[in-house]
Amino acid sequence: MAGAKLSSSYHLAAALRREPDAAAALRLFLNPTSAAPSSAPPPFRYSLRCYDIIVCKLAAARLFPEMESVLAGLPPSLRPREPLLCRVISAYGRARLPFAARRAFAHPAFPDPRTSRALNTLLHALLACRAPLSEILGECRASGIAPDACTYNILMRAAAVDDSGSVEDARNLFDEMLQRGIAPTIVTFGTLVTAYCGAGRIEEAFKVKEVMSSQYKIRPNAYVYASLMKALCQKGKVDDAVRLKEEMVRDKELVLDSGAYATLARALFRVGRKEEVVGLLEEMKGKGITVGREVYNAMIAGFCEDEGDLDAAFAALDDMQKDGCKPDAMSYNTLVAKLCKMGRWRDASELVEDMPRRGCRPDVVTYRMLFDGICDAGEFSEARKVFDEMVFKGFAPSKDGARKFIGWIEREGDDEVFLESVLCQLARINALDSSGWEKAVGGMLHEPPEQMAVKLLDDLKLT
DNA sequence: ATAGGGTTAG
């Protein structure tokens, strides 16, 4: 009998893995033996593997309430491991739900104690939620878990983010790390270089590059070069960036990828030197570097934004696919933005509708640009459809788009019920930093959306 | 996917 059980759980795991649609996978998980809904318990014991797969799928599809109920339904005998906890925390981070990420960190289904790995995942999730450095530091201290190099790298990254801290904070964290005897890694130096570059302090960034190799014997890698090249390009020093690329290429130890080339490609388009991009591509192929997604995306952006050549941009998208490189949301978003700017929102809309079939999930940027584009065109009944779809998926429109949309409904003047429902939906996901959505996830919605809606309307009218 | 870059909007 044990063999039959094992086999069933094994087959369920395989079937779950095969199912691309998370909702369908959940139905299978809840009712593995027949197609008809049933409340009877499954006839075999689920392996931890089954839980791993379904939780990951639900997390990726942002079906958070469903994911939480699966976790809550874990039998006490099955203790999921920390990697799964980390997946859950990062999923909340990607969805920008800091409260939910914090709750997951303390989730009772996972055995204690938490390690620095889980802590680091939480800190990184909070960073993804744009939490300020002070808050991330507070969380770190409150955990009582000893920080490691990875922790400091995340904190330094948080310090370097706009409006959160400053390069000085990053530098102080670096010094603190040294005082505590934690050895900086290549990632630490990459982060520090990027911090200085982000602040426009190129000389100090180059100084870090020099010190890391002379004092710490850690050679700058492609990440370090990419940051420096980007900073040079932003100051209009494209030729210096090209020279730095050549220095990078001369280092035979260095593992090259196409990342640094993307910056150069984009910069060359910006300064009207797109012919040179062909040379870059050939150089990459000659060196056996796969022309990656970022490079294709840079070219798509260049054709759209600088050349105004939509046909060439779509041709680049085709080339990308022919080369076995799968376009991502960014590839499509650039095209959607361009189509909207040209007033061709119908074409933009068709492209967005086609994305899932092409194997790419539209993201928040996709929807915001499409929604804004349709609102700008004054096609509000069409905008309403996009609004419903994005809100259903938990994506908030841009403030600008929301304002135009609300303005239109008010001008129409005869649909109080519609206005109220739109405001409530906005209140849930847009106002108050998604906390309404988070409360819904946690099943503890305190403030009625109607009350939030009143505040939100004031907010939209003020700005 | 415990951490860093590079390609899109604001």
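Of the atoms of DNA strand B that lie within 4 Å of the protein, 51% belong to sugar or phosphate, and the rest belong to bases. This is a predicted model in which local features need pLDDT of at least 70 and side-chain atom pairs count only at pLDDT 80 or more, while totals for chains, interfaces and linings use all residues. Residues are numbered from 1 along each chain as its sequence is written, chains are lettered from A and ligands numbered from 1 in the order in which they are written, and side-chain values use heavy atoms, with hydrogens and water left out.

**The surface near DNA strand B**

A residue is near the strand if one of its heavy atoms lies within 4 Å of it. There are 36 residues around DNA strand B, of which Arg87, Arg117, Asn120, Asn153 and Asn297 come nearest. By class, this surface has 13 nonpolar, 14 polar and nine charged residues. Here Ala, Val, Leu, Ile, Met, Phe, Trp, Tyr, Cys and Pro count as nonpolar, Asp, Glu, Lys and Arg as charged, and the others, Gly among them, as polar.

Helices supply much of the description that follows; they are DSSP runs (H or I, at least four residues), and strands are E runs of at least two, numbered from the N terminus. At least two residues of the surface near DNA strand B come from each of H7 (116-128), H9 (149-160), H11 (186-198), H13 (222-234), H15 (259-270), H17 (293-307), H19 (329-341) and H21 (364-376).

| Residue and atom | Atom of DNA strand B | Distance |
|---|---|---|
| Ile186, polar backbone atom | base nitrogen | 3.3 Å |
| Thr191, polar side-chain atom | sugar or linking oxygen | 3.4 Å |
| Gly259, polar backbone atom | base nitrogen | 3.4 Å |

The secondary structure of chain A comes to 26 helices and zero strands. Of its 463 residues, 47% count as buried, that is, under 20% relative accessible area, with exposed meaning over 50% and partly exposed in between (1.4 Å probe, protein chains only). Contact means heavy atoms within 4.5 Å. Among the contacts in chain A with a separation of 6 or more, 61% join residues 24 or more positions apart.

Over residues 221-251, the chain is 84% helix and 0% strand, with the end C-alpha atoms 9 Å apart. Over residues 292-327, the corresponding values are 78% helix and 0% strand, with the end C-alpha atoms 10 Å apart.

H7 has 13 residues and reaches 18 Å from its first C-alpha to its last, close to the 18 Å expected at 1.5 Å a residue. The expected span is 1.5 Å times one less than the number of residues. Buried residues of H7 include Ala118, Leu119, Asn120 and Leu127. The buried residues of this helix pack against H5 (82-94), H6 (98-105), H8 (133-143) and H9.

In H12, Ile202, Ala205, Val208, Lys209, Val211 and Met212 are buried. The partners of these buried residues are H11, H13 and H14 (238-250).

**Loop residues**

Thr185 lies in the loop between H10 (167-179) and H11, and counts as partly exposed because its relative accessibility is 28%. Leaving aside neighbours within four places in sequence, Thr185 is in contact with Ala149, Asn153 and Ile218. Its side chain reaches the backbone nitrogen of Val187 at 3.1 Å.

Most residues other than glycine have a negative phi, and most peptide bonds are trans. Arg62, in the loop between H3 (48-60) and H4 (64-72), has a positive phi near 60°. At 23% relative accessibility, Arg62 counts as partly exposed. Arg130, in the loop between H7 and H8, has a positive phi near 65°. Arg130 counts as exposed because its relative accessibility is 57%. The peptide bond from Asp112 to Pro113 is cis, with omega near -5°, and Pro113 lies in the loop between H6 and H7.

Key:
A polar contact is a pair of N or O atoms within 3.5 Å; within protein, one must be able to donate a hydrogen and the other to accept it, and residues adjacent in sequence count only if both atoms are side-chain atoms.
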